[in-house]
Amino acid sequence: MINQEYMKRRLSRRQVLKLGGGLIGLGTLSAILPKALLKPVGVEAARDQQITTPDLHFAASDGWIYLPDPAIPPYHPDNMAPELLTTYIFGFRNVTGLTDQQVFAQKMKMQLAAPTWWIDQEADFTLKITNLGLQIRPDLIDAHTLHFHGFRQAIPIFDGEPHSSVGVPISRNLTYFYRPHDPGTYMYHCHFEETEHVHMGMVGTVFVRPLLDQTLAPRRFCYNDESTEFDREFAMMLNEIWTFAHWCDSHVQLPEWSDYLPDFWLLNGRVYPDTIAPPGGGTDPVTGDLIPPTGRPELQYQPISSLINCNVGDRVLLRFVNLGYEEQSMRMTGISMRLIGRDATLLKGRDGTDLTYMTDTVIVGPGESADAIFVAPDVTPDDGLDYKRFFLYNRNANRISNGGAPGYGGQMTEVHVYPASNPLPPQTVPNT
Amino acid sequence: MMRKTNTTQYLKDRNTVWLLISAVIVILILVATVVGTTTHRTMAQTAAMPNHGIVCTSNPSSTFTLATTEGTISTPDGNVIYMWGFAEEGKAFQHPGPVLCVTEGDTVTIIVNNTLPKDVSMIFPGQENVQANGAPSQPQFDTAGNLTSLAPVAAAEGGSVTYSFVADKPGTYLYESGTEPLIQVNMGLFGALVVRPAAHVDWAYNEVVVSGTVTYTTQFNPDAEFVLMLSEIDPMLHAAVEQGLPYNMNNYTPRYWMINGRSFPDTIAPNGADWLPSQPYGSLIHIYPFNDDPGAGEAYYPYPALIRYLSVGTENYPHHPHGNHGRIIARDGNVLVGSGGEDLSYEKFTVVVGPGETHDELFAWFDVEGWDPVTNPIPVVIPQLQNLTFGTFYSGSPYLGNTDQLPVGHQALNACGEYYHIAHNHALQQITAWGVVLSGHITFTRIDPPLPNTCE
C-alpha cells in the first residue's frame, strides 16, 4: 500500500510534516518543526502532478482500550477483551511510513482518541486511509471514511460522507486532499454508519495553523490575529463511552440508540486519573505497534495525555472538540480563560467588534469546537511538589465519575503550573 | 433492550435497514420526479407549493383561523403516530402547524377553534402586547390559585379564542400551545411565524452593519428561504394521549427526531409529497454556488440562503450542515447587531438550537477551488470502481456538473452532477428512528451546478 516513490520536489516538507502530523499519535517528543520547511507549496506546482505519496497515512480498524473499575457486568470489562484491556472500539491509527506488512499487522490495534494532526493554512495536504477490516466482527463489511468536520467549501469527494460520495471498503484505500484556507480547531471522524462508528471511537482532533505562524515565526497563533498568540497548546477531545453499546458490537448485537446512557466520559480517550499519565512511547519500528506509556501497559492504545504542563506567565491554548453525543461544561478552577474561537472561527465581528469573553466554563456541544486561552498565574508550588495544581473538569459533575463509582474520574485533568525559578523547557508538540 | 416486536427486531438487521432506506429513497426520488412539475397536492395550503423551501400561509389581512385537529403521521420505520395539530379551518390535519408569514407592522389575528378533548391555548414567544378576545392575554388560574394555562384558552370540544398582536419586529418565531405544553407541544400543537421587514421582503432584518466602505445586510435569495423546525416524539406519550391514559413525564423518552415534522429520508421529499399527506413540509436545502460577479450571466447567484431554525424539543440540538459554515444573524427574532451598530453575528459549523429557540442563518457555498476535469483536476487519483463503495447521491464524478461511471446496478439518484452535503444533528443517537439508523434529524443540502445546467 505504501508507494515509496516520493516526489522529489516535495520530499523535505512532506516528510517533515509526516513527522509533525503524526507526533501525538506516535508520542514522539524530539522534533521541532523548522519553520522554513512549513512554507506553502506553490499552488501551480501542486497542480502539475498528481500526488501519489500522502502526507499522512491512517489505518481504520477495530481494537481494545482500557477503562478502570468498577465492573458493570456483563458489559464492563468485556469478557472478550485481551489481557489488561476492557473495551472494544473502532478507531484510527497513524501508519505513515510503515511497510505494507506492518500496516496490515495493525488490524485490531486502533487507538482512542485517534491521532491529533495539524496542517498549515494554504498548504496542500493529503491523507490516505486504509480500511483493515474488523478482526472481531468478520461478519461486518463496513466501509470507513474520514470526515474533516467543519472544513469550509468542502466538495463531497473529500468530505467523507459516504452517501454524497464514496466509502473505503476493506483492504482498499482512498486519499483525501485538503487545501485549507481557514485556521482554527476542527475535528475528524468516520462518517460511515456514523451513529455506531463515531460512538465506537473513530474520533480525533485536527487543526489548521494560521499563516501568521509563518510571517511572525517562531511565535505561534491560533488565528491570524496577534491576540491569539500562545506558548503551549492542548487538544481536549471529549467523548463518551456507553459500555453496553461497545459490548454489543463485540457480541454481535445492536443497541437501541435512543436509550443512549454512557457510563464513561473521556478526555483524549482516557478517564481521570489516567488523563494525566504520560503520553505513549511512539511506534515500535519493528512491529509498527504502539509503545505504551512508561509503566502503563494498559494505556497502550490510549496514547494521548491531557496533562497541561506550563510555566508561570505562559499563554496556554486549549482546543476543545466534542465528538460525544452530549453537551459538556468544562470548568477551570482558579484560572479564568478567554474564549477566543468557536467552530474554527475567531470571535470577531466583520467590523472588528471583539466578541471574545472571559469565562471559567467552556460549554461544548456535540460537533462543536471552542478555543480558550489562559495565562498561567504566578504561583507557589503545592506542598512537596515542583508545581501548583489546578483542575480542568466537567462541571456536569456526574461526568467526573468512572462508571458511577465514588471518587473522581471521567472528564477531568490537571494543570501543573511551574514557577519561574524552575521552568519547563518550551513545548515542542501539543499535549506534552 | 428487547422491548420491540420480532418484526422490528428484524428491521434492525443492518442489511434490511439499508435496503429499506434505499428503497424509500428511490421511491421518493422517482415520485418527486413525476410530481415535480405539478403545483398542488392534497395539502392544507391552497397556494401553489414550491418543491423545496418555505411554504408560507399568508393573506392580506394576516387573519388566520386555525382549528385544532387530530391525525396521524408516519415515520420511516413504518410506525404511525397519533398527533394533535393546528390546521387552517376546514382543512385536513397537518404536522407541524402552518408557517404563518406576515409583514412587519401587521396586526395579526389568530382565531383558534378547538375540537380536542382538552382546553387549548396559544402563546407567541417574542411578541408583545398579545390580546386574547380583545383583552390582554393573561395566565389562567383555577379557583384554588393553581396555574392552568399560560394564556386564555379555547375550551375543549368546541371552544374558541381570538388572539391578536402587532408584529412589529421582523424575525423567526414560534407559536405553540400554552396549556399543558409538556403534553400538547409534544403532541404537535406548534408552528412557525415569520415576520418580514416591511421595506425589504428579501431581507431577514432591517439592520445593517457598516464596516469601512462595506455594508452588510441580511439580504437573502428569496428562492432559497428555508424553515427547519426541529422536534422530537416520545411515542409512548402519544399512545397514552390517544388512549386517554395518564402519562408520567418522568418517563419521557424521545424515540423520533423530526425536521418539519418528518424524519429522514422523508425530510428530503418535496413539499406536499402525497405519500406524506399530513406532513407537508420538506427540508431539502436547494442552492447554487455563490457567485457575485454581475458578468457571470445566468450563473450570477449573489445572495445566500436564509435558513430559519426553530426548536420545540427538550434539549439543545447541535445541527451540523456539511460543506460550509453559516452565519448566525439573529436569535429568537433579535438581530445580532449591537446598539451602536456593532456586528455581533458569528459563523458556526454547528448551529446549536436550544429548546424554544430560533436561529436565523445565512448560508452559501462557494466553489473556491474551481476543480475542473480538464483545466484544474483534483490532485489525487480516485480509485477505480471496484475499490470503493458508492453513495446514493454521488454522481460518479468529483466535479460539480459532471457525471461519470458508477458500478452496474448502483442506485444512483444524482440528476446532473449536482453536489449533496448532509446536514444533521451531531448528537448522533438522535439521527435514528426507534432503532432504525440513518433517520431522524437529517436533511441534505443540494448544490446544483451554476446555470445554465442540465438539471431538471
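**Exercise 1. The contact between chains A and B**

Task: Determine how many residues of chain B are in contact with how many of chain A, and which strand of chain B supplies the largest share of the side that touches chain A.

Solution. Step 1: count residues in contact, meaning that their C-beta atoms, placed from the backbone, lie within 7 Å. The count gives 59 residues of chain B against 58 residues of chain A.

Step 1: list the strands, which are DSSP runs of E with at least two residues, numbered from the N terminus. On the side of chain B that touches chain A, at least two residues each come from strand 13 (209-211), strand 19, strand 22 (346-348), strand 25 (389-390) and strand 26. Strand 26 of chain B supplies the largest share, four residues.

The model is predicted: local features need pLDDT of at least 70 and side-chain atom pairs count only at pLDDT 80 or more, while totals for chains, interfaces and linings use all residues. Residues are numbered from 1 along each chain as its sequence is written, and chains are lettered from A and ligands numbered from 1 in the order in which they are written.

**Exercise 2. Pairing across the chains**

Task: Find which strand of chain A pairs with strand 25 of chain B, and in which sense.

Solution. Step 1: two strands pair if DSSP finds at least two bridges between them. Step 2: strand 6 (residues 166-167) of chain A has two bridges to strand 25 of chain B, and the sense is antiparallel. Step 3: G167(A) is placed opposite T389(B) of strand 25.

**Exercise 3. The sheet in chain B**

Task: Give the strand order of the five-stranded open sheet in chain B, and explain why one side of strand 17 and of strand 23 has no neighbour.

Solution. Step 1: the order is 17-29-26-19-23, with mixed pairing. Step 2: strand 17 (285-287) and strand 23 (351-353) of chain B are at the edges with a single partner strand each, so one side of each lacks a neighbour in the sheet. Step 3: strand 19 (residues 317-321) and strand 26 (residues 419-425) of chain B are antiparallel, over three bridges. P321(B) has A423(B) of strand 26 as its bridge partner.

**Exercise 4. The sheet in chain A**

Task: Identify the edge strands of the five-stranded open sheet in chain A.

Solution. Step 1: the order is 14-23-22-16-20, and the pairing is mixed. Step 2: strand 14 (308-311) and strand 20 (361-364) of chain A each pair on one side only.

Terms used
Contact = placed C-beta atoms within 7 Å.
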